[in-house]
Amino acid sequence: MLNDDLHRSASAGDLDRRDLQARRNRMLGRVVACTGAHATIAAVADHGDTDLTELWSVGRLISISVDNNRVVALAYSMQTGAHDWREGEDNSFHIEVELLGEVRVGHDGREEFTSGITRYPYLGAIAHRIRSADLLRIYDAGKNETCVIGKLSQDETIDAAIHIPSMLSKHFAIVGSTGVGKSTAVSLLLHKAIEADPKLRVLILDPHNEFAAAFPEHAVVIDTDTLDLPFWLMRLEEFSEVVFRGRPPIAEELDILRDLIPEAKRAFRGNETGLMRRTTEKSSVTADTPVPYRMADLLALIDERLGRLEGRSEKPFLRSLKMRVMSAINDPRYHFMFSNNTINDTIMETIAHIFRIPGDDRPISTFQLAGIPSEVVNSVASILCRMAFELALWSNGAIHMLVVCEEAHRYVPADREVGFYPTVQAISRIAKEGRKYGVSLGVITQRPGELDQTILSQCSTVFAMRLSNDRDQEIIKSAIPNSSISTTSFISSIGNGEAIAFGEAISVPMRMKFARVDEKYLPKANGVIAKSSEETPDTVDLRTVIARMRSVNGPDISGFQQSYGAAMTTPSLDPSEPACNVPDEFPPAGAAEIERWNGETRAAAPSLAKPAYQAAPQSQPEPYHPDMLPGARPADPPQPDRFAEFRRDRPGSPAPSLATSELAARPNPFLRREGSLRESLLKKPLSSIYDKD
């Protein structure tokens, strides 16, 4: 689809059977030194002519004749003997080459390339320009299901092909600096992969929202506006990353979550189906079990602990934890986690949508991470990678998953103190064990030096594009097999769209150019359609931009309010009926006590009492606990002011005014405690727990 070129027969190689020693033919020089992995070739440029030297360049392959076989070598260094160039005179120079393998001639005359060398070049062996037919043999994987992804840099008439099953059987990596064409290469490779393997399902972690445009016909776009990723799918460490906003969690608050989340999950089980109940009953429910629960139940459990008389030491942690949870619920950026749909058990729909089961002819899902808060990106990546591994594990090979991590050094950095451990653990598990269960990993990064080397070492196929950082170059050199380490000596100067490919999918490390990708399949950072706007900085509506930045549209948590109200029923006002969820030591007040309280309030503040003809019908007051009220009852005699004499004798002390005395006679409403803390929370309107604005 993207590349219609086929392997060509190299007729030019068949025409090269001329006198090997004839000048200006195929002879380039002779071997003057040789070791187990390298050789030195001496050549002469007659009369300063550069026709011969044009055939030498760094990165080109040459062949050395040894009897009937031909040893293949890669040129990586050259210099003249006198360190200068003399015009019109003979100039001798030396070329350093690396031995890669040999083309063997069998007893039946058939020629094939092998990476081993049976006979090394002898001194004086003739080095000549490699045949095109030999290039085909070298880069032919010798297997079916090979895909053409470009052309050889040395000879653009020869296709660069890779074996897709070998690339996906383990893992692959694409490394290169910014702007060298990594995203275009990923688009090309993934199109070839889904053509070769119909069972393949691809999940792209797209931090720049650019891959949606690369697969308009084969991918679905998933973002925070189109997906509800339930919070209860998270493990405890992942949920704490959300609650604590990326900061290290407080151990006491984490222990509270570990105790209360299983209780909230068990409280939700009354709404489960019979099948789910039987499934979860087989094992105990923990904080990491992916079963639904309501945030209202979790908050109610926190409030219940706050209302207990014992455990005063943990109350500050309970209050702090409650504020953190409420802050996460109120944050509009977390709407995709705490929306109405996340209250229900939607795990099957979520997995089917993300991992394309069934695919509906769209086996690729691009998960756009640009709109997710930075402190939650690690948790989301951890959930997706963990679910991808478990999906491949429990499907018994029915699903072949490929997880592509763009900017992988963000998720699995070399410094473990910087990365989020659950994300590192999930991706490392895919890298180490994924090939056994049919889940592969694709790593794309511009800084391989900042990537966890354990992850990079598990990649069996690597496409190294231009790298300018010395540390990054050293990392790639250490990953290339020792017999091909000189291949990366020129990795800092290769062009855009060029790469040095090596690994199991390629028989011999090759320098190649990726095929051009159609315009409609190019990745674009603006999504499926390139946003072209005629607006300028002079005409743009800045208010709209600021509104998007602030995300002023708050989350829809009406479902949360309903569940919160259902979990915490309003106490009954009937004295004969006990209040719901109220401790026995604080019984509700009766009608007589409520009337006595009204009289006490009117007696303490007569100036605020309304005349009889203006008195409006008052609603029935809420219940309270009289034994917790401060002050004396109306029937008790007034208490004398023991400090009045002291204030009178103190010089400069003003006489108490009528307003002051009346104010002192009023009961302090802030010192009044109406029942338990749980009951006072129930009296608050649900609208007070979140900001509507």
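**Ground rules.** I'm working with a predicted model, where local features need pLDDT of at least 70, side-chain atom pairs count only at pLDDT 80 or more, and totals for chains, interfaces and linings use all residues. Residues are numbered from 1 along each chain as its sequence is written, and side-chain values use heavy atoms, with hydrogens and water left out.

**Entry 1: strand S13.** Buried means under 20% relative accessible area, exposed over 50% and partly exposed in between (1.4 Å probe, protein chains only). I also checked which way the side chains go: Ile364, Thr366 and Gln368 point one way, Ser365 and Phe367 the other way, and all are buried. In a regular strand the side chains alternate between the two faces of the sheet.

**Entry 2: the partners of S13.** Strands pair if DSSP finds at least two bridges between them. S11 (residues 200-206) runs parallel to S13, joined by 5 bridges. S12 (residues 219-222) also runs parallel to S13, with 4 bridges. I found Ser365 in both pairings: Leu203 has Ser365 as its bridge partner, and Val220 stands opposite Ser365 too.

**Entry 3: H12 and H13.** Two packed helices are described by the angle between their axes and the distance between the axes. For H12 (residues 374-394) and H13 (residues 421-437), the axes come within 9 Å and cross at roughly 20°. That makes H12 roughly parallel to H13. Axes are lines fitted to C-alpha atoms, for helices over the stretch in contact, and angles run from 0 to 180 degrees between N-to-C directions. Angles under 35 degrees count as roughly parallel, over 145 as roughly antiparallel, 65 to 115 as roughly perpendicular and the rest as oblique.

**Entry 4: H5 and H6.** The axes of H5 (residues 236-243) and H6 (residues 251-268) come within 11 Å and cross at roughly 125°. H5 and H6 are therefore oblique to each other. Which residues make the contact (heavy atoms within 4.5 Å)? I noted Leu236, Phe239 and Ser240 of H5, and Leu254, Leu257, Arg258 and Ile261 of H6.

Conventions: Helix = DSSP H or I, 4+ residues; strand = E, 2+ residues; numbered from the N terminus. Contact = heavy atoms within 4.5 Å.
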